[in-house]
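These are my notebook entries on a single structure. I looked up charged pairs, the nonpolar core and the pairing of strands, in that order.

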Amino acid sequence: MSSTESSSAQYIVQQYIAATGCTKLYTSLKNSYTMGKLKMLAKDYETPSTVSRNLPRSAEIGSFVLWQFMPDMWSVELVVGCNKVHAGSNGEIVWRQTPWLGSQAAKGPARPLRRAIQGLDPRTTAKMFVEARFVGEKRIREEDCFILKVAASPAALAERNDGSAEVIRHALFGYFSQKSGFLVYVEDSHLTRIEYTGNDAVYWETTIETTIDNYKPVDGVMIAHSGRSVVTVFKFGGQLGMTSTKTRIEETWTIEEIVFNVPGLSMDFFIPPAEVRKGSASGDPPELTSGKFGNGKAWQNSRGKLK
């Protein structure tokens with residue numbers, strides 16, 4: 001990374017910190033509670049021989065509750081349709097509980113929840129992009145934006161490998177408005193290679209594009225209160241390289257309530273389930289913009305592969 005790229009990125013992050021007022025979070029915030037509602041809908045499903053657009057399925061309505069304890073503990077519970085997912089981190093272990101996989105710990109170091117950096121936690125967002133690289137400018141929804149890129153290092157990717165699953169790359173792009181300084185768009189790209197003995201490798205590429213809207217002040221801190229994410233899961237490779245599917249899921253969300261410094265919330269609330277042991281399970285952390293959606297076959301096939 002050049003010094004120009006680094007200094008430009010730091011300037012953009014400082015503008016974001018000033019715009020959101022999140023300096024207050026560094027000095028006075030101990031914990032937080034966020035409650036939101038969401039709607040998920042399977043949009044498209046493609047195979048080499050078929051393309052299904054705007055699948056005739058009603059949207060799944062749900063809600064989520066996110067608890068955070070500074071600096072890096074979090075717990076989130078999400079209910080969509082008939083499914084419920086609980087996940088969290090005590091700052092050392094990231095874990096998930098799902099109806100289909102039970103309780104599992106994620107491989108590799110603890111990482112922040114993606115949902116938190118979608119405008120809900122400016123402090124964590126600023127920390128995420130402080131080591132970013134400035135990669136250009138782009139116009140998003142009539143706004144000129146600076147683009148910052150954060151990519152996992154080879155060493156960090158290697159820590160997340162698990163048996164036959166190899167994480168090849170993981171990059172996050174943040175689009176910051178040149179006018180307001182706010183983060184208005186996030187693109188998260190993740191590629192995993194899975195190879196079983198005697199079979200050709202299969203690749204899973206997940207791209208999550210999130211539009212962030214409606215910043216409002218909460219105790220002097222600007223928090224995004226709505227957004228929309230489009231999740232595209234592309235599976236390719238396999239026998240003779242001819243196996244491929246693409247699934248697209250859409251989520252819209254709104255924030256109903258945010259409270260800072262909840263009385264009585266302690267570190268004990270973030271202790272992992274008893275059956276979770278570090279390094280005991282799958283290579284990727286819980287993906288709470290997606291992996292709980294409905295019971296569709298294509299989505300269930302992809303749910304274990306997402307970040």
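**Entry 1: a charged pair at the surface**

I began with Glu142 and Arg139, whose side chains meet in a salt bridge with 3.6 Å from N to O. I note that the model is predicted. I then looked up the accessibility of both partners. Glu142 is exposed, with a relative accessible area of 65%. Arg139 is partly exposed at 48%, because exposed requires a value over 50%.

**Entry 2: buried charged pairs**

I searched the whole structure for salt bridges and recorded nine. Two of the pairs I examined involve Arg114 and Arg115.

For Arg114 the partner is Asp188, and the closest N and O atoms are 2.7 Å apart. I placed Asp188 in strand S11 (residues 183-194) and Arg114 in the loop between strand S7 (102-105) and helix H3 (122-129); the pair links distant parts of the chain, 74 residues apart.

For Arg115 the partner is Glu251, with 2.9 Å between the closest N and O atoms. Glu251 lies in strand S14 (residues 245-260) and Arg115 in the loop between S7 and H3, so this pair ties together parts that are 136 residues apart in sequence. I read a relative accessible area of 1% for Glu251, which is buried. Arg115 is also buried, with a relative accessible area of 1%.

**Entry 3: the nonpolar core**

Which residues of the largest nonpolar core touch the most other members? I found Phe129, Leu148 and Phe260, in a core of 43 residues. Helix H1 (residues 3-20) supplies the largest share of this core, namely five residues.

I then listed the contacts of Phe129, leaving aside its neighbours within four places in sequence. Phe129 is in contact with Val13, Leu148, Val150, Leu172, Phe173, Gly174 and Phe176.

**Entry 4: Trp95**

I located Trp95 in strand S6 (residues 94-98). Its relative accessibility is 4%, so Trp95 counts as buried. I also took the separation of the C-alpha atoms of Trp95 and Ala110, which is 9.3 Å; these two residues are 15 residues apart along the chain.

I turned to strand S4 (residues 73-80). Six of its eight residues are buried, so S4 is largely enclosed by the rest of the structure.

Which strands pair with S4? Strand S3 (residues 60-69) pairs with S4 in the antiparallel sense over eight bridges. Within this pairing I noted Ser63 opposite Val79 in S4. A hairpin of three residues joins S3 to S4.

Strand S5 (residues 83-89) also runs antiparallel to S4, and seven bridges join the two. Here the bridge partner of Leu78 is Val85 in S5. S4 and S5 form a hairpin with two residues between them. In that turn I recorded Gly81, which has a positive phi of about 60°.

Notes. Residues numbered from 1 in each chain as written. Predicted model: local features only at pLDDT ≥ 70, side-chain atom pairs only at ≥ 80, totals over all residues. Heavy atoms only, no water. Salt bridge = Lys/Arg side-chain N within 4 Å of Asp/Glu carboxyl O. Helix = DSSP H or I, 4+ residues; strand = E, 2+ residues; numbered from the N terminus. Buried < 20%, exposed > 50% of the residue type's maximum accessible area, 1.4 Å probe, protein only. Core = buried A, V, L, I, M, F, W, Y, C linked by side-chain atoms within 4.5 Å. Contact = heavy atoms within 4.5 Å. Pairing = 2+ DSSP bridges.
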